[in-house]
Amino acid sequence: MANQGIDTSSARKGSITHVIFDMDGLLLDTEKFYTEVQEIILARYNKTFDWSLKAKMMGKKAIEAARVFVEETGISDSLTAEDFLVEREEMLQKMFPTSDLMPGASRLIHHLHENGIPICVATGTHTRHFDLKTQRHSELFSLMHHIVRGDDPEVKQGKPSPDIFLAAASRFEVSGYGSRCKVG
């Protein structure tokens, strides 16, 4: 396919030195599970789960997302954020082990690994969920230089705060890749 007038000469000037991946919705097709569970819960209150609410919740720590969920939907008098998490957890525990890879994820990770590009994951997912989500894909995740999860002590704030990405980048530095990895 022709480059359709796009100047690609500048693309060759720099090179990829490191890659930090998010996980849910990028490497693993798990966002659908959160949507399904939240739709089930809201149906009891004759409410619907839409994209604008999902966007407000995505990437946040669980309790933060739960507060957004019950407050934005107007069900906080009937369901606390904590009770929502308990109910959601039961359903997600059954769904997560069925997580599929997103199209192209395996090919890209293998390509980067085979070409010596250090790669890692920075995910808001906590360890207990990470283990369930990735259990069918352990070989692929073993190619990561490191993985930073949402319950990591260095991650003080959930996304959109950059904490998790800064922690992930700094671990490249600690392991000897720092001369080419810029943080900040």
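These legends walk through several close-up views of a predicted model.

**View 1. The nonpolar core built around Ile41, Met57, Phe69 and Phe84.**
We start with the largest nonpolar core, which has 23 residues. Ile41, Met57, Phe69 and Phe84 are the members with the most contacts inside this core. Helices α1, α2, α3 and α4 are the elements that give two or more residues to it, and α4 gives the most, with six residues. In soluble globular proteins, nonpolar side chains tend to be buried together.

**View 2. Met57 and its partners from elsewhere in the chain.**
Zooming in on Met57, and leaving aside its neighbours within four places in sequence, we find contacts with Gln38, Phe49, Ala65, Val68 and Phe69. Of the names in that list, Phe69 is also listed among the residues with the most contacts inside the largest nonpolar core.

**View 3. Helix α3 and the buried residues along it.**
Helix α3 spans residues 62-72. Its buried residues include Ala65, Ala66, Val68, Phe69 and Val70. What do the buried residues of α3 pack against? Their packing partners are α1, α2 and α4. Just after the helix comes Gly74, where phi is positive at about 75°.

**View 4. The salt bridge between Asp24 and Lys133.**
The structure holds nine salt bridges, and this view shows one of them, with the closest N and O atoms of Asp24 and Lys133 2.8 Å apart. Asp24 sits in the loop between β1 (19-21) and α1 (31-43), while Lys133 belongs to helix α6 (residues 127-134), so the pair ties together parts that are 109 residues apart in sequence. Are these two residues buried or exposed? Asp24 has a relative accessible area of 13% and is therefore buried. Lys133 is buried too, with a relative accessible area of 0%. Side chains of opposite charge can pair when their charged atoms come close.

**View 5. Glu87 meets Arg44.**
In this salt bridge the N to O distance is 2.2 Å. Glu87 comes from helix α4 (residues 81-95) and Arg44 from the loop between α1 and α2 (51-57), so that distant parts of the chain, 43 residues apart, are linked. Arg44 counts as partly exposed, at 46% relative accessibility.

**View 6. Arg136 and Asp100, a bridge between two loops.**
The closest N and O atoms of Arg136 and Asp100 are 3.2 Å apart in this salt bridge. Arg136 lies in the loop between α6 and α7 (138-141), and Asp100 lies in the loop between α4 and α5 (105-114); the pair therefore ties together parts that are 36 residues apart in sequence. Arg136 is partly exposed, with a relative accessible area of 48%. Asp100 also counts as partly exposed, at 33% relative accessibility.

**View 7. A salt-bridge network.**
Three residues take part here: Asp152, Glu154 and Arg171 are linked in a network of salt bridges.

**View 8. The largest pocket and its lining.**
How much space lies in the largest pocket? The volume is about 490 Å³. Its lining has 25 residues, and those nearest the centre are Tyr34, Gly59, Lys60, Arg88 and Thr125. Helices α1, α2, α3, α4 and α6 each supply at least two residues of the lining. By class, the lining has seven nonpolar, seven polar and 11 charged residues.

**View 9. The one cavity that is counted.**
One cavity of 30 Å³ or more is found, and the largest cavity has a volume of about 50 Å³. The residues lining the largest cavity include Gly59, Lys60, Gly124, Val155 and Ile164. Two nonpolar, four polar and three charged residues make up this lining.

**View 10. Asn46 and its backbone angle.**
Asn46 is not a glycine, yet its phi is positive at about 55°. Where is Asn46 placed? It belongs to the loop between α1 and α2. At 75% relative accessibility, Asn46 counts as exposed.

Technical notes: Residues numbered from 1 in each chain as written. Predicted model: local features only at pLDDT ≥ 70, side-chain atom pairs only at ≥ 80, totals over all residues. Heavy atoms only, no water. 1 Å grid on protein atoms, 1.4 Å probe; cavity = no way out; pocket = protein on both sides within 12 Å on 5 of 7 lines; lining within 4 Å. Points joined across faces, edges and corners; volume = space filled by probe spheres on them. Nonpolar A, V, L, I, M, F, W, Y, C, P; charged D, E, K, R; others polar. Salt bridge = Lys/Arg side-chain N within 4 Å of Asp/Glu carboxyl O. Helix = DSSP H or I, 4+ residues; strand = E, 2+ residues; numbered from the N terminus. Buried < 20%, exposed > 50% of the residue type's maximum accessible area, 1.4 Å probe, protein only. Contact = heavy atoms within 4.5 Å. Core = buried A, V, L, I, M, F, W, Y, C linked by side-chain atoms within 4.5 Å.
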